Amino acid sequence: MYDFKYQLANSQDDAVSAQSSAEDGSFLAGGMTLIPTLKQRLAQPSDLVDLSGISDLIGVSAEGDSVTIGSMTTHAEVASSEIVSSKIPALAALAGNIGDPQVRNRGTIGGSIANNDPAADYPAACVALNATIITNNRKIPADNFFTGLFETALEDGELITAVTFPIPDKAAYAKFPNPASRYAIVGVMVAHTGGETRAAVTGASDSGVFRSSEIENALGDNLDSSAAKAVSISADGLNNDIHASSEYRAHLVSIMASRAATAAG
Amino acid sequence: MPTVSMTVNGESVSSEVEPRTLLVQYLRENLGLTGTHVGCDTSQCGACVVHVNGKSAKSCTMLAVQAEGSEVSTIEGLADGDTLHPMQEAFRENHGLQCGFCTPGMVMSAIDLVQTNSDPSEHDVREWLEGNLCRCTGYHNIVKSILAGAKAMQG
Amino acid sequence: MNDANNKWIGKRTIRPDGADKVTGQATFGADTTMPGMIWGKVLRSPHAHANIRSIDTSKAESLPGVKAVITSADVTNYSPEKSVILGIQDMRWMTRNVMAREKALFHGHPVAAVAATSQKIADQACKLIEVDYEVLPWVVEIDDAIKSDAPILHEFIEFEGKPSNIAGTLEHKKGDVQTGFEEADVIVERSFTTRPVHQGYIEPHACLVSVSADGRATIWSSSQGQFMVRAMTSMLTDIPQSSIRAIPAEIGGGFGGKTIVYLEPLATILSKKSGRPVKMVMSREEVMRASGPTSGSKSTVKMGIKKDGSIVAAQGTYYLQAGALPGSPIRGAVGCAFAPYDIPNVHALGYDVVSNRSKVAAYRAPGAPIGAFAVECVIDEISEAIGMDPLEVRLKNAAKEGTQAAHGPVYPRIGYYETVEAALSHPHREIPLGKFQGRGVASGFWFNAGGESSSQVNITEDGNVVVTTGHPDIGGSRASIANITAELLGIDYKRVSVLIGDTATIGYSNLTGGSRVLFASGMAVTDSTEKVIVSLKERAAKIWDIDPEAVDWEDGYARPAGANAGMFDPLSLEELAERATETGGPIGAGSQLNTAGAEGGFATHMCDVEVDIDLGIVRIIRYTSFQDVGRAVHPSYVEGQLQGGAAQGIGWALNEEYIYDSEGRVDNPGFLDYRMPVCSDLPMLDTVMIEVPNPKHPQGVRGVGEVPLVPPLAAIRNAIYDALGIRFYGLPMSPPVVLEALEQGEAAE
């Protein structure tokens with residue numbers, strides 16, 4: 001690991017000013033991706049600004065037809081949250097299957113989506129549920145948030161404070177975990193919310209999470225699992241690595257979509 | 001260098017560390033708590049699992065400075081004098097180890113499981129242990145040990 | 001000794017090191033520190049194959065904090081022309097493995113090492129070492145390595161009169177296969193591939209070495225043999241063995257991979273040069289890139305069977321990857337392949353193939369799983385071809401006492417037949433299977449080893465017992481030694497402490513390997529304990545003033561026997577210990593044995609799988625191992641060997657493999673990408689221990705540790721066939737591979 005300066009922020013303002021005054025500052029949320037990245041010397045920030053001391057970034061609340069999750073809420077907290085479990089059980093289930101228990105105890109929703117790992121689970125939930133990512137400056141629809149491989153719409157110094165999920169009528173997530181890393185080789189979240197069906201795919205594409213219109217059309221309003229299974233997804237532009245070819249991933253997209261649809265009921 | 005203070009196994013400790021020091025390095029090299037092991041460097045093997053504020057965490061994927069003000073417990077802090085923690089005793093009695101290298105992480109992870117799920121099924125145990133690798137046992141006796149340990153902890 | 005009245009043998013006693021291991025007190029390879037200690041670090045080749053023209057270490061040496069820099073010039077050289085045998089290793093290869101000499105032979109091959117006051121400075125120093133490489137064409141796959149125009153790794157290795165990557169062959173012949181095949185009603189010939197897999201021990205290699213000013217070295221390290229560490233370090237540093245003390249740390253798994261040295265000689269030379277204790281710990285990436293996996297292989301097996309089920313001829317040809325230096329486990333492949341069967345005509349041939357990969361190291365029954373995979377798959381096919389149950393075919397052809405094995409020996413009493421019988425009658429076989437579920441069986445053999453072991457059994461002044469042996473305990477062998485000693489002495493096992501001695505405190509003991517530890521050290525400990533009992537009886541006789549022959553030792557007491565029976569109160573171990581000074585001094589005995597009679601081990605495995613046909617995932621839903629274990633001195637740790645081997649076999653069959661990129665580098669050098677089974681991948685692993693006591697061992701012990709990895713690969717493959725009707729000929733049978741086969745099958749229909 002390269003050396004860096006470390007600061008524990010006490011407030012959002014504190015965090016933003018510390019990050020922006022640093023030469024090349026990074027926010028540190030749960031660290032479940034950032035610390036392995038630093039260990040591998042794949043990043044060299046001058047400063048780490050730890051967000052774990054900012055209490056107003058933690059917590060879950062429900063208001064009207066949506067659930068809002070603070071950005072520093074851990075996966076374990078989301079998974080065990082009564083609010084999330086009752087309003088959006090698919091999201092609780094997704095959070096409860098991220099990585100392993102130790103990752104879930106420290107990893108946070110904000111950290112996960114800010115990093116936008118192409119194999120992370122949360123981006124699929126954000127897109128399929130049409131979530132809104134709230135930052136210290138603005139509200140960004142999930143559709144505009146994830147812009148590419150490890151890339152998001154976040155600007156330098158912009159801090160995710162919460163994510164708001166509309167409560168779907170039906171939703172479920174199914175993933176095929178990598179047998180070694182337990183990251184998603186392919187994961188698909190399907191949701192039907194207020195007349196709209198969405199299917200968001202993670203793990204499959206080089207450029208991160210995407211919506212599959214073929215799957216969405218096949219699923220229809222009833223989340224037809226057999227129609228989803230019959231969809232033939234093109235392998236073009238899908239990941240091809242030592243764990244799975246792009247063809248295998250393409251196949252997984254329809255199967256996982258179909259399984260998610262079945263689970264959504 | 002910043003100073004980090006925390007409680008480790010009930011004792012307050014305070015040291016100057018480089019920010020890049022991992023919690024596992026701090027525990028092993030600064031505090032001499034070598035029961036927490038390093039097996040993989042990439043957060044898979046779980047030999048380094050400790051508890052931070054009562055929750056299991058991989059100490060190879062945490063900076064020591066992130067544990068500032070925390071209660072950290074390691075495998076060395078579980079036993080009460082010469083009385084083993086029920087989960088430790090369960091591993092010993094059920095032969096839940098062969099080489100024993102993964103054992104500290106397994107025990108720490110298992111205790112966290114029982115804290116969140118006091119009556120786990122075999123399936124629950126197997127799912128929970130996804131972050132702990134063992135290469136010796138095929139996990140058979142580890143699962144048995146944890147089921148027995150869970151009962152004993154309720155005991 | 002083998003009866004039901006045993007008090008400790010066969011009991012599930014608490015292991016002596018249990019408390020240390022569950023409390024974090026046990027000291028593993030990386031856990032020792034010393035005042036003044038500095039850190040060693042290896043600089044590794046960035047090329048798969050390159051001549052080393054020169055190495056300039058001057059910049060590294062002048063970096064503040066750097067205390068020593070070494071290259072192959074500092075390591076004892078052995079000419080490649082002449083073998084220098086140490087155990088099963090050849091030191092001319094070992095010296096080139098611990099440090100590249102003429103050439104860097106694989107990506108990750110050590111080319112230099114540094115010692116510095118901090119790990120950071122050691123890292124920096126490595127970057128300052130300038131190596132002038134002449135990059136050469138490289139080769140990693142067998143087929144490429146044996147092509148006529150392949151890049152040659154070692155010009156001095158010749159095959160059929162010209163430089164070659166085939167470094168050796170091994171052949172076993174029995175009868176005449178041509179004649180045998182003529183008698184067959186059905187002949188099946190198939191070709192197979194397996195991929196290299198790593199032992200996957202969770203503890204990376206680690207050591208601490210301190211060389212004193214007068215040249216005496218103390219080595220703390222995690223290995224499968226402190227005497228191996230001493231001997232290899234001595235031969236690679238020119239320090240005499242008498243000046244090296246190798247202290248075994250607890251070992252965090254080995255499975256064969258820690259039967260050779262990687263770091264110890266380098267740390268010794270660095271310590272000698274720097275005058276400081278030097279610690280070296282491999283990262284997981286270094287473990288995966290540069291320590292031995294086992295071989296990948298290609299093979300062809302042909303077997304002929306008559307309609308009545310008798311196998312009349314068998315032929316196998318195996319090519320095994322050695323890695324960059326000769327020495328693949330062809331002996332295990334060709335020797336074990338057909339060993340469970342009484343086949344009149346056998347021809348087995350193995351080729352040792354070098355390529356630009358890390359040198360292979362032993363892995364649990366080295367070579368045998370590769371040998372058995374092909375044979376056990378073909379047996380499944382010939383059984384089907386004649387319409388006979390594959391277990392019945394195995395039973396009909398089972399090797400028994402008196403069978404001449406193709407690899408040479410005539411078997412004494414062995415328990416292979418019993419493992420098949422047990423499988424045939426086991427309830428597992430009756431459990432109905434559902435859709436896309438299948439059941440497969442396969443058998444396996446491993447030679448097992450005897451050899452040198454030493455022990456010392458001492459009675460403490462307070463009448464308890466300390467046993468010292470010379471074998472690192474990886475899987476609970478101390479518990480078994482405690483059981484044997486307590487049984488012989490007739491005392492509670494808790495009164496027996498079992499310790500692992502270092503090279504200065506116990507006599508030479510060969511490796512913890514070859515499934516030999518309990519066989520050999522059990523013999524040595526039995527011998528020592530029996531000597532102690534003789535001494536105890538003599539002391540009682542002296543106290544009572546009767547003939548020692550007239551004293552019995554029973555349940556921890558000396559008792560007057562024969563004509564003197566009942567004349568004196570029995571004397572306990574404590575009482576005799578208390579009176580040791582007046583009866584002849586300290587009570588204890590040592591043994592140094594070269595043990596023989598280990599005899600082979602056999603197993604039959606039964607496995608049920610369920611295939612997710614949409615995804616190609618194969619799940620193991622039920623697994624039962626049937627093994628002749630000789631005598632289960634500690635059943636829990638015998639079962640543990642069976643379970644652990646099955647789990648490793650499941651990993652090998654379904655997911656594990658070394659993957660190389662287009663530059664000849666390992667592309668999955670860590671647990672992030674190398675797919676070992678986790679707990680949720682496996683079911684409970686059932687075991688049936690069949691006890692056919694080894695007549696050549698005082699407790700009937702037969703090695704049990706390695707056989708369990710031999711049958712799983714084929715058992716799983718045969719189960720997948722039962723589930724899907726698809727036969728696989730290569731490993732791993734990972735989801736993409738299985739799915740592709742399913743799709744091809746569908747397309748064919």
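Two strands pair if DSSP finds at least two bridges between them. Keep that rule in mind for this predicted model.

Start with a sheet in chain C. How many strands form it? There are 5, and the sheet is open. Their order is β11-β19-β18-β17-β12, with mixed pairing. The edges are β11 (166-174) and β12 (186-194) of chain C. Each edge strand pairs on one side only. On average, neighbouring strands of this sheet are turned by 10° against each other, with direction ignored.

In general, strands of a sheet pair through backbone hydrogen bonds, either parallel or antiparallel. Now look at one pair. In which sense do β18 and β19 of chain C pair? They run in the parallel sense, over 10 bridges. Strand β18 covers residues 311-323 of chain C, and β19 covers residues 345-354. Here A313(C) stands opposite N345(C), which belongs to β19(C).

A helix joins the picture. Helix α11, residues 368-386 of chain C, packs on the sheet. It touches β12, β17 (297-305) and β18 of chain C. The direction of α11 makes about 145° with that of β12(C).

Next, turn to where chains B and C touch. Here 43 residues of chain B are in contact with 43 residues of chain C. Which elements of chain B give two or more residues to this side? They are α2 (86-93), α3 (103-116), α4 (122-128) and α5 (140-154). Helix α2(B) gives the most, with 4 residues. By class, the side of chain B that touches chain C has 18 nonpolar, 17 polar and 8 charged residues.

Note on methods:
Residues numbered from 1 in each chain as written. Chains lettered and ligands numbered in written order. Predicted model: local features only at pLDDT ≥ 70, side-chain atom pairs only at ≥ 80, totals over all residues. Contact = placed C-beta atoms within 7 Å. Nonpolar A, V, L, I, M, F, W, Y, C, P; charged D, E, K, R; others polar. Axes fitted to C-alpha atoms, helices over the stretch in contact; angles between N-to-C directions.
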